[in-house]
Amino acid sequence: MKPLKFQKGIHWLQVVVGEILLEIKGVHAGYGNLKILRGIDMKVPTGGIVTLLGGNGTGKSTLLKAISGLIPLMEGEVSFDGVSVSKLKPHERMRLGLVQVTQAKEAYPAMTVEENLVLGAYTRKDREATKADLQKVYDFFPVLRERRKQLSGTLSGGEVQMLVIGRGLMASPKMLMLDEPSAALAPKVVLEIFANINRIAKSGVTILVVEQNVRMALILAQYGYIIRDGVIMMQGDAKELISDPAVKESFLGGSVSDTTKALRN
Ligand SMILES: Nc1ncnc2c1ncn2[C@@H]1O[C@H](COP(=O)(O)OP(=O)(O)OP(=O)(O)O)[C@@H](O)[C@H]1O
Ligand SMILES: [Mg+2]
(Lines give C-alpha, C1' and ligand atoms only; values in the text may rest on other atoms or scores of the structure.)
(Ligands and ions follow the chains in the order given, each with its own letter.)
Protein backbone atom coordinates (compact mmCIF):
# COMPACT_ATOMS: atom_id res chain seq x y z
CA MET A 1 0.00 0.00 0.00
CA LYS A 2 1.26 3.48 -0.91
CA PRO A 3 2.01 5.74 2.03
CA LEU A 4 -0.13 8.86 2.09
CA LYS A 5 1.66 12.10 1.36
CA PHE A 6 0.56 15.21 3.13
CA GLN A 7 0.80 18.46 1.22
CA LYS A 8 0.26 21.79 2.82
CA GLY A 9 -3.04 23.39 1.89
CA ILE A 10 -4.43 20.24 0.32
CA HIS A 11 -7.23 18.50 2.10
CA TRP A 12 -6.38 14.98 3.23
CA LEU A 13 -9.48 13.51 1.60
CA GLN A 14 -8.58 15.24 -1.69
CA VAL A 15 -5.07 13.78 -1.67
CA VAL A 16 -6.42 10.27 -1.58
CA VAL A 17 -9.47 10.79 -3.77
CA GLY A 18 -10.23 7.62 -5.70
CA GLU A 19 -8.98 5.48 -2.84
CA ILE A 20 -12.08 5.50 -0.69
CA LEU A 21 -12.46 2.26 1.26
CA LEU A 22 -15.72 3.01 3.08
CA GLU A 23 -18.47 5.27 1.80
CA ILE A 24 -21.67 6.04 3.66
CA LYS A 25 -24.43 7.90 1.85
CA GLY A 26 -27.61 9.28 3.41
CA VAL A 27 -27.73 6.68 6.17
CA HIS A 28 -30.73 6.65 8.50
CA ALA A 29 -30.82 3.94 11.17
CA GLY A 30 -31.94 3.25 14.72
CA TYR A 31 -33.77 0.75 16.87
CA GLY A 32 -37.29 -0.42 15.95
CA ASN A 33 -39.20 2.75 15.09
CA LEU A 34 -36.71 4.96 16.92
CA LYS A 35 -34.54 6.82 14.42
CA ILE A 36 -31.10 7.78 15.77
CA LEU A 37 -29.03 8.47 12.63
CA ARG A 38 -30.61 11.07 10.37
CA GLY A 39 -28.77 11.23 7.07
CA ILE A 40 -25.10 10.44 7.62
CA ASP A 41 -22.57 10.93 4.80
CA MET A 42 -19.03 9.86 5.45
CA LYS A 43 -15.93 8.68 3.61
CA VAL A 44 -12.96 6.77 4.95
CA PRO A 45 -9.93 6.62 2.64
CA THR A 46 -7.73 3.56 2.38
CA GLY A 47 -4.86 3.72 4.86
CA GLY A 48 -4.57 5.92 7.89
CA ILE A 49 -6.89 6.69 10.73
CA VAL A 50 -10.25 8.49 10.78
CA THR A 51 -11.93 9.35 14.06
CA LEU A 52 -15.62 9.75 14.87
CA LEU A 53 -16.23 12.04 17.82
CA GLY A 54 -19.25 13.24 19.75
CA GLY A 55 -20.89 13.35 23.15
CA ASN A 56 -22.66 10.49 24.94
CA GLY A 57 -25.73 9.16 23.17
CA THR A 58 -25.15 11.06 19.94
CA GLY A 59 -25.17 7.93 17.75
CA LYS A 60 -21.49 6.95 17.41
CA SER A 61 -21.95 3.28 18.34
CA THR A 62 -25.20 3.20 16.37
CA LEU A 63 -23.30 4.33 13.27
CA LEU A 64 -20.62 1.64 13.71
CA LYS A 65 -23.37 -0.97 14.15
CA ALA A 66 -25.08 0.24 10.96
CA ILE A 67 -21.76 -0.03 9.09
CA SER A 68 -20.96 -3.53 10.36
CA GLY A 69 -24.54 -4.74 9.83
CA LEU A 70 -25.50 -5.32 13.46
CA ILE A 71 -28.54 -3.09 12.85
CA PRO A 72 -30.34 -2.62 9.50
CA LEU A 73 -30.43 0.64 7.55
CA MET A 74 -33.73 2.50 7.35
CA GLU A 75 -32.44 4.50 4.37
CA GLY A 76 -29.18 5.08 2.54
CA GLU A 77 -26.23 3.04 1.43
CA VAL A 78 -22.97 1.64 2.82
CA SER A 79 -20.25 0.66 0.33
CA PHE A 80 -17.02 -1.04 1.27
CA ASP A 81 -14.11 -1.62 -1.07
CA GLY A 82 -16.32 -0.76 -4.05
CA VAL A 83 -19.11 -3.18 -3.05
CA SER A 84 -22.54 -2.22 -1.69
CA VAL A 85 -22.77 -4.05 1.63
CA SER A 86 -26.05 -2.52 2.84
CA LYS A 87 -27.91 -5.82 2.64
CA LEU A 88 -25.09 -8.15 3.73
CA LYS A 89 -25.04 -9.91 7.11
CA PRO A 90 -22.29 -8.97 9.62
CA HIS A 91 -20.25 -12.14 8.95
CA GLU A 92 -20.42 -11.51 5.19
CA ARG A 93 -19.11 -7.97 5.73
CA MET A 94 -16.38 -9.44 7.96
CA ARG A 95 -15.33 -11.76 5.17
CA LEU A 96 -14.87 -8.70 2.94
CA GLY A 97 -12.55 -7.24 5.57
CA LEU A 98 -14.96 -4.89 7.37
CA VAL A 99 -14.52 -5.70 11.05
CA GLN A 100 -15.90 -4.02 14.18
CA VAL A 101 -14.64 -4.24 17.74
CA THR A 102 -17.68 -3.36 19.86
CA GLN A 103 -17.76 -1.01 22.83
CA ALA A 104 -18.64 -3.80 25.26
CA LYS A 105 -15.09 -5.30 25.30
CA GLU A 106 -16.63 -8.75 25.27
CA ALA A 107 -14.14 -11.54 25.78
CA TYR A 108 -15.22 -14.99 26.92
CA PRO A 109 -13.94 -15.02 30.51
CA ALA A 110 -13.78 -18.80 30.86
CA MET A 111 -11.67 -19.18 27.70
CA THR A 112 -7.96 -18.53 27.44
CA VAL A 113 -6.47 -15.53 25.68
CA GLU A 114 -5.45 -17.70 22.73
CA GLU A 115 -8.86 -19.38 22.45
CA ASN A 116 -10.48 -15.94 22.37
CA LEU A 117 -8.09 -14.79 19.66
CA VAL A 118 -8.66 -17.87 17.51
CA LEU A 119 -12.42 -17.22 17.71
CA GLY A 120 -11.84 -13.96 15.84
CA ALA A 121 -10.86 -15.99 12.77
CA TYR A 122 -14.14 -17.93 12.61
CA THR A 123 -15.08 -16.56 9.17
CA ARG A 124 -11.73 -17.64 7.66
CA LYS A 125 -10.65 -20.87 6.04
CA ASP A 126 -6.99 -20.06 5.33
CA ARG A 127 -5.44 -21.96 8.25
CA GLU A 128 -1.79 -21.18 7.56
CA ALA A 129 -2.44 -17.44 7.16
CA THR A 130 -4.56 -17.52 10.33
CA LYS A 131 -1.67 -19.06 12.27
CA ALA A 132 0.69 -16.40 10.94
CA ASP A 133 -1.81 -13.69 11.94
CA LEU A 134 -1.91 -15.05 15.50
CA GLN A 135 1.85 -14.48 15.68
CA LYS A 136 1.37 -10.97 14.24
CA VAL A 137 -1.17 -10.20 16.97
CA TYR A 138 1.32 -11.42 19.57
CA ASP A 139 3.96 -9.18 18.00
CA PHE A 140 1.64 -6.18 18.32
CA PHE A 141 0.70 -7.14 21.88
CA PRO A 142 3.54 -9.12 23.51
CA VAL A 143 1.61 -9.21 26.79
CA LEU A 144 -1.02 -11.39 25.09
CA ARG A 145 1.70 -13.85 24.04
CA GLU A 146 2.89 -14.01 27.66
CA ARG A 147 -0.65 -14.60 28.85
CA ARG A 148 -1.90 -16.80 26.04
CA LYS A 149 -2.85 -19.66 28.37
CA GLN A 150 -4.42 -17.40 31.00
CA LEU A 151 -8.22 -17.23 31.33
CA SER A 152 -9.51 -13.97 29.85
CA GLY A 153 -11.63 -13.31 32.94
CA THR A 154 -8.43 -12.67 34.91
CA LEU A 155 -6.97 -10.01 32.57
CA SER A 156 -6.67 -6.32 33.46
CA GLY A 157 -8.86 -3.74 31.66
CA GLY A 158 -5.99 -2.75 29.36
CA GLU A 159 -5.20 -6.36 28.52
CA VAL A 160 -8.86 -7.08 27.69
CA GLN A 161 -8.84 -4.08 25.34
CA MET A 162 -5.72 -5.47 23.64
CA LEU A 163 -7.40 -8.87 23.43
CA VAL A 164 -10.53 -7.57 21.71
CA ILE A 165 -8.46 -5.51 19.24
CA GLY A 166 -6.30 -8.61 18.65
CA ARG A 167 -9.41 -10.70 18.06
CA GLY A 168 -10.56 -8.13 15.49
CA LEU A 169 -7.19 -8.44 13.74
CA MET A 170 -7.62 -12.23 13.58
CA ALA A 171 -10.47 -11.66 11.10
CA SER A 172 -7.87 -10.23 8.68
CA PRO A 173 -9.50 -6.80 8.36
CA LYS A 174 -8.95 -4.25 5.63
CA MET A 175 -10.69 -1.86 7.97
CA LEU A 176 -10.97 -2.13 11.73
CA MET A 177 -13.65 -0.11 13.53
CA LEU A 178 -12.89 0.49 17.19
CA ASP A 179 -15.53 1.78 19.62
CA GLU A 180 -13.91 3.77 22.43
CA PRO A 181 -10.73 1.73 22.90
CA SER A 182 -9.49 4.10 25.61
CA ALA A 183 -12.63 4.02 27.77
CA ALA A 184 -12.07 3.39 31.49
CA LEU A 185 -8.30 2.93 31.14
CA ALA A 186 -5.50 4.68 33.01
CA PRO A 187 -3.65 7.40 31.01
CA LYS A 188 -0.50 5.30 30.63
CA VAL A 189 -2.47 2.35 29.26
CA VAL A 190 -4.38 4.69 26.94
CA LEU A 191 -1.06 5.85 25.47
CA GLU A 192 0.00 2.25 24.92
CA ILE A 193 -3.30 1.35 23.23
CA PHE A 194 -3.12 4.42 20.97
CA ALA A 195 0.50 3.65 20.03
CA ASN A 196 -0.63 0.15 19.09
CA ILE A 197 -3.52 1.46 16.99
CA ASN A 198 -1.00 3.64 15.17
CA ARG A 199 1.23 0.61 14.54
CA ILE A 200 -1.73 -1.41 13.25
CA ALA A 201 -2.62 1.42 10.84
CA LYS A 202 1.00 1.56 9.64
CA SER A 203 0.81 -2.17 8.91
CA GLY A 204 -1.87 -1.37 6.30
CA VAL A 205 -5.15 -1.74 8.20
CA THR A 206 -7.44 1.28 7.81
CA ILE A 207 -8.84 2.43 11.15
CA LEU A 208 -12.15 4.10 12.02
CA VAL A 209 -12.06 4.91 15.72
CA VAL A 210 -14.83 6.27 17.93
CA GLU A 211 -13.45 8.18 20.88
CA GLN A 212 -14.41 10.26 23.92
CA ASN A 213 -10.76 11.16 24.37
CA VAL A 214 -11.03 13.87 21.73
CA ARG A 215 -7.57 15.37 22.10
CA MET A 216 -5.77 12.02 21.82
CA ALA A 217 -8.00 10.90 18.96
CA LEU A 218 -7.26 14.07 16.97
CA ILE A 219 -3.54 13.62 17.57
CA LEU A 220 -3.74 10.00 16.40
CA ALA A 221 -6.04 10.46 13.39
CA GLN A 222 -5.58 12.34 10.13
CA TYR A 223 -9.26 13.21 9.70
CA GLY A 224 -12.21 13.62 12.02
CA TYR A 225 -16.00 13.63 11.92
CA ILE A 226 -18.08 15.09 14.74
CA ILE A 227 -21.59 13.75 15.21
CA ARG A 228 -24.40 15.39 17.16
CA ASP A 229 -27.99 14.17 17.46
CA GLY A 230 -27.51 11.70 14.63
CA VAL A 231 -26.07 14.13 12.07
CA ILE A 232 -22.48 15.02 11.16
CA MET A 233 -22.14 18.58 12.43
CA MET A 234 -18.49 19.09 11.50
CA GLN A 235 -15.62 17.37 9.71
CA GLY A 236 -12.09 18.19 8.72
CA ASP A 237 -8.38 17.52 8.98
CA ALA A 238 -7.56 16.45 12.51
CA LYS A 239 -4.97 19.22 12.83
CA GLU A 240 -7.56 21.83 11.90
CA LEU A 241 -10.21 20.40 14.20
CA ILE A 242 -7.91 20.33 17.21
CA SER A 243 -7.33 24.08 16.93
CA ASP A 244 -10.91 24.96 15.96
CA PRO A 245 -12.51 27.25 18.57
CA ALA A 246 -15.89 25.44 18.45
CA VAL A 247 -14.22 22.05 18.95
CA LYS A 248 -12.10 23.44 21.77
CA GLU A 249 -15.13 24.90 23.47
CA SER A 250 -17.34 21.80 23.13
CA PHE A 251 -14.89 18.94 23.49
CA LEU A 252 -11.48 19.96 24.71
CA GLY A 253 -12.79 21.61 27.86
CA GLY A 254 -12.14 25.10 29.07
CA SER A 255 -9.10 26.18 31.04
CA VAL A 256 -8.04 24.57 34.32
CA SER A 257 -9.52 27.51 36.21
CA ASP A 258 -12.91 27.01 34.47
CA THR A 259 -12.88 23.35 35.51
CA THR A 260 -11.91 24.23 39.06
CA LYS A 261 -14.75 26.76 39.23
CA ALA A 262 -17.26 24.22 37.88
CA LEU A 263 -16.18 21.63 40.45
CA ARG A 264 -16.67 24.07 43.29
CA ASN A 265 -20.15 25.17 42.18
N1 LIG B 1 -30.54 -1.24 21.57
C2 LIG B 1 -31.06 -0.02 21.67
N3 LIG B 1 -32.41 0.15 21.72
C4 LIG B 1 -32.96 1.39 21.80
N5 LIG B 1 -32.24 2.53 21.85
C6 LIG B 1 -30.90 2.42 21.83
C7 LIG B 1 -30.25 1.15 21.74
N8 LIG B 1 -28.92 1.35 21.73
C9 LIG B 1 -28.75 2.68 21.80
N10 LIG B 1 -29.94 3.32 21.87
C11 LIG B 1 -30.14 4.79 21.94
O12 LIG B 1 -29.57 5.38 20.80
C13 LIG B 1 -28.97 6.64 21.10
C14 LIG B 1 -27.54 6.64 20.57
O15 LIG B 1 -26.81 5.63 21.25
P16 LIG B 1 -25.32 5.26 20.87
O17 LIG B 1 -25.00 4.03 21.63
O18 LIG B 1 -25.16 5.23 19.40
O19 LIG B 1 -24.55 6.52 21.46
P20 LIG B 1 -22.99 6.80 21.53
O21 LIG B 1 -22.75 8.06 20.75
O22 LIG B 1 -22.23 5.60 21.13
O23 LIG B 1 -22.80 7.12 23.09
P24 LIG B 1 -21.61 6.70 24.12
O25 LIG B 1 -20.53 7.70 23.91
O26 LIG B 1 -22.24 6.89 25.45
O27 LIG B 1 -21.19 5.30 23.83
C28 LIG B 1 -29.08 6.79 22.63
O29 LIG B 1 -30.14 7.66 22.90
C30 LIG B 1 -29.39 5.39 23.13
O31 LIG B 1 -30.19 5.41 24.27
MG1 LIG C 1 -21.06 4.29 22.16
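**Strands, sheets and a ligand**

Me: Let us start with a pair: what is the bridge partner of serine 79 in strand 5?
Reply: The partner of serine 79 there is serine 84. Strands here are DSSP runs of E of at least two residues, and helices are runs of H or I of at least four, both numbered from the N terminus. This is a predicted model, in which local features need pLDDT of at least 70, side-chain atom pairs count only at pLDDT 80 or more, and totals for chains, interfaces and linings use all residues. Residues are numbered from 1 along each chain as its sequence is written, while chains are lettered from A and ligands numbered from 1 in the order in which they are written.

Me: How many bridges link strand 4 and strand 5?
Reply: Strand 4 (residues 73-80) and strand 5 are antiparallel and share 2 bridges. Two strands count as paired if DSSP finds at least two bridges between them. These two strands make a hairpin with 2 residues between them, and aspartate 81 in the turn has a positive phi of about 50°.

Me: Which sheet do they belong to, and in what order do its strands lie?
Reply: They belong to an open sheet of 4 strands, ordered 2-1-4-5, with antiparallel pairing. Strand 2 and strand 5 (83-84) are the edge strands, each pairing on one side only. Further in, strand 1 (residues 20-31) is joined to strand 4 by 6 bridges; lysine 25, for instance, has glutamate 77 as its bridge partner in strand 4.

Me: What holds strands together in general?
Reply: Strands of a sheet pair through backbone hydrogen bonds, in either a parallel or an antiparallel way.

Me: What about the sheet of 6 strands: what is its order?
Reply: That open sheet runs 6-7-8-3-9-10, and its pairing is mixed. Strand 6 (98-101) and strand 10 (231-237) are at the edges with a single partner strand each, so one side of each has no neighbour in the sheet. Strand 3 (residues 49-53) and strand 9 (residues 223-228) run parallel, joined by 4 bridges. Within strand 9, tyrosine 223 is the bridge partner of valine 50.

Me: Which strands does helix 8 touch?
Reply: Helix 8 (residues 187-202) packs on the sheet and touches strand 3, strand 7 and strand 8 (206-211). Contact between two residues means that their C-beta atoms, placed from the backbone, lie within 7 Å.

Me: Changing topic, which residues are closest to ligand 1?
Reply: The closest are Tyr31, Asn56, Lys60, Ser61 and Thr62, among 13 residues that surround ligand 1. A residue is near a molecule if its C-beta atom, placed from the backbone, lies within 6 Å of it.

Me: Which element gives the most to that shell?
Reply: Helix 2 does, with 3 residues. Both strand 2 (34-45) and helix 2 (60-68) supply at least two residues of the shell.

Me: Finally, how confident is the prediction, judged by average pLDDT?
Reply: The protein averages a pLDDT of 89, and 88% of the residues score at least 70. This value is the predictor's confidence in each residue, from 0 to 100. Over residues 1-10 the pLDDT is below 50, and this stretch has 9 contacts in the model beyond near neighbours in sequence.

Notes
Axes fitted to C-alpha atoms, helices over the stretch in contact; angles between N-to-C directions.
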